[in-house]
Amino acid sequence: MDKSLTGDPVGALEEAFHAMVARSRDEPAPGLAERLDRLARLRSVVADNEERFRQAISADFGHRSAVETTIAETMLLFSEIRHATKHLKSWMAPQRVATALQFLPARNRLMPQPLGVVGIIAPWNYPLQLTLAPAIGALAAGNRVLIKPSELTPHFAALLKETIATRFDATELLVTGIEDEIAQGFARLPFDHLVFTGSTRVGRLIAEAAGRNLTPVTLELGGKSPAIIDASADLDEAAERIAYGKLLNAGQTCIAPDYVLVPEPSLQAFAEKVRAQMRRMFGTDPSNKDYTSIISDRHYARLESLVADAAQRGATILQPAKADDPNWKAHRKFPPTLVVGATAAMAVMQEEIFGPVLPLLGTHDRTDAIAFINHRDRPLALYWFGKDGAARDEVLARTVSGGVTINDCLFHFTQINQPMGGVGASGTGAYHGEWGFRTFSKLKPVFYRSKFNRLADLYPPYGGKVARLEKLMRFMS
C-alpha cells in the first residue's frame, strides 16, 4: 500500500479507503481478543518510539519542551489505552434494557457494533495525543481507522506513518500522506464516522463536506475559553494556575484559557501576579528548554498583529521582551504577553488566540462576567476560581461550555471517565474512555420475543380479541 501512496495521492487514498470498507463489511465485528491486540500494538508503537516522537515533534515546532510532550501526549495515551484495555470486555457486552409490561414476556438488549471505517483529521498542536486518542476509541469499538496528519507537522507525520505500518495491516490502521490533494479529498470520503480537531472555521468546511455523504462527525474545535476570577478567589493561587494553563505548549492548546475576567478593583494586582508567575515558571531567556516555540512564522506574525492591535487601541502590554526581539524571534518563541484592559473591540478578543497572549478584562460583578460570556459563542472550556459555592453554582447553571475545571485549568480534559467535546461553535460530539467507545459504535436495539407473548392477538382478522388487548394496553400505558 505504501508504494501506491507515493504515486497518485488521491487515487491511493481512495484505494486504501475502499480496501478498508471491504474488509469492514466482510469482518464487521472483531472479537475482544483482536481488539485488545490492536490496542496493545498501538501502545507498542508509542512506547517503542517515544524518544523518536519527541524529537520529531520538536523538529516540527522548532523547539517543543520534551517534558510537555511526555506529560501532555504520551502519558495521556498510555492512560487511555490502559483504561480501554481494562474495561473493553464490559463495554462490548450487550446491555440489558427494560421491557414495557404490555410486551412481556420478552426482553430488550442494546448490542454495541462497530460502525466500520473511521476517519481522523488530526491537528498540529498535540499531534501524537490528538491523533491517537480518537483512534484508541475507534479501535476499541472494532473499527478500522484512516488517519490524515497535519501538514504543519511533517516530521511527526512521516514517523507516525512509518511506525504504524510496521505494526498494522493497511486495512486495520493506516496513516496517509499530508499532500494538499489528500487534505482536500479526505473529508469527502464516505466514512462511517469522521473526527476533526482544529479551528472552528475549518470545522465548518469539514462538516459541510462530510454532510454530502451524511457522514456523522465529531468536531473538537476551540474558540475563546474564558477564566472567571470571582471576588472570593485567592489571587495568588489563581494567577499561578492560569499562568501554567496558558503557557503550556506556549498557549497552543485548544482548551487554554483565552481571556480572564477579573473584578475591576483587582485587575492591576492580578496582572502583576500572573506576570510574576510567568517569569517564575519560564524566566526571560528564550533559550529556556521548558518553553515551546510557535509552530510557524505565519502564526508568530499573527500573534504579533494581535498584540499590536491591542496596544494601538489602548491596552497595556506586559512582556519580558518585544516579540520582534531577535533573541526571541530566532527561536520562534513568542514572549509571554499580558494584555491588560482588553476590550471587545480588539482583534485579540475576536478570534481564538492560540498562543502565549492573555487578555485581562475588568468586570463589575459576576453577573457582568456571565453576560459577557453568554453574548459570545459557547466555549470549549470554562474556568472558575473562587471559594463562594453559590457564586460557582450560578456560573455553572447560567453558562454553557464544552467542559469546566473549577479552581484550575485544563484538568477536566484528563478525566478518563468524563467525555471531552465542545458545544455549538466549539464542537460537537465527544470521546475519551467509554464515551469514545460509544461514539464509534452503533448501539443496536434488539427485541427478543418470547413464544408465550400474545402480540399475535394484534394480527387480523380484527375482532373482540383486539378490543380486549387494546383495553389492556391502555391500562398498562
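Guide: Two strands pair if DSSP finds at least two bridges between them. The model discussed here is predicted.

Visitor: How many bridges pair β10 and β11, and in which sense?

Guide: Three bridges link β10 to strand β11, residues 337–340, and the sense is antiparallel. Within this pair, T316 faces V340 of β11.

Visitor: In what order do the strands of that open sheet stand?

Guide: The sheet has seven strands, in the order β10-β11-β12-β9-β8-β13-β14, with mixed pairing. At the edges stand β10 (316–318) and β14 (404–406); each has a single partner strand, so one side of each lacks a neighbour in the sheet. On average, neighbouring strands here are turned by 20° against each other, direction ignored.

Visitor: Which helix lies across β10, β11 and β12?

Guide: That is helix α12, residues 297–312, which runs at about 140° to β10. Helix α14 (residues 366–374) also packs on the sheet, where it touches β8 (226–229), β9 (259–263), β12 and β13 (382–385). The direction of α14 makes about 155° with that of β9.

Visitor: What is the strand order in the open sheet of six strands?

Guide: The order is β5-β4-β3-β6-β7-β15, and the pairing is again mixed. Its edge strands, β5 (173–175) and β15 (427–428), each pair on one side only. Inside the sheet, β3 (residues 117–121) and β6 (residues 193–197) run parallel and are joined by four bridges. V118 has H193 of β6 opposite it. Helix α6, residues 129–140, lies across β3, β4 (144–148), β5, β6 and β7 (217–220), at about 165° to β4.

Visitor: How should I read an angle between two helices, and at what angle do α4 and α7 pack?

Guide: Angles over 145 degrees count as roughly antiparallel. Helices α4 (residues 50–61) and α7 (residues 154–167) pack at about 150°, their axes 7 Å apart. The two are therefore roughly antiparallel to each other. Residues in the contact include F53, A56 and I57 of α4, and F156, L159 and L160 of α7. Counted by class, this contact of α4 with α7 has eight nonpolar, two polar and three charged residues.

Visitor: How many salt bridges does the structure hold?

Guide: Side chains of opposite charge can pair when their charged atoms come close. There are 27 salt bridges in this structure. One of them joins the side chains of R41 and D37, with 2.9 Å from N to O. R41 and D37 are four residues apart in helix α3 (residues 32–48), which means about one helical turn separates them.

Visitor: What about the backbone: which residues does a cis peptide bond join, and what phi does A250 have?

Guide: Most residues other than glycine have a negative phi, and most peptide bonds are trans. The cis bond lies between L104 and P105, with omega about -5°. P105 belongs to the loop between β1 (95–97) and β2 (106–114). A250 is not a glycine, yet its phi is positive, about 55°. A250 sits in the loop between α10 (235–247) and β9.

Visitor: Which residues does the UniProt annotation cover?

Guide: The unreviewed UniProt entry gives "domain: Aldehyde dehydrogenase" for residues 32–445. In the model, the end C-alpha atoms of residues 32–445 are 21 Å apart, and the span is 43% helix and 17% strand.

Methods:
Residues are numbered from 1 along each chain as its sequence is written. This is a predicted model: local features need pLDDT of at least 70, side-chain atom pairs count only at pLDDT 80 or more; totals for chains, interfaces and linings use all residues. Side-chain values use heavy atoms; hydrogens and water are left out. Axes are lines fitted to C-alpha atoms, for helices over the stretch in contact, and angles run from 0 to 180 degrees between N-to-C directions. Contact means heavy atoms within 4.5 Å. UniProt positions are given in the numbering used here, feature names are shortened, and annotations may be inferred rather than shown by experiment. Angles under 35 degrees count as roughly parallel, over 145 as roughly antiparallel, 65 to 115 as roughly perpendicular and the rest as oblique. Ala, Val, Leu, Ile, Met, Phe, Trp, Tyr, Cys and Pro count as nonpolar, Asp, Glu, Lys and Arg as charged, and the others, Gly among them, as polar. A salt bridge is a side-chain nitrogen of Lys or Arg within 4 Å of a carboxyl oxygen of Asp or Glu.
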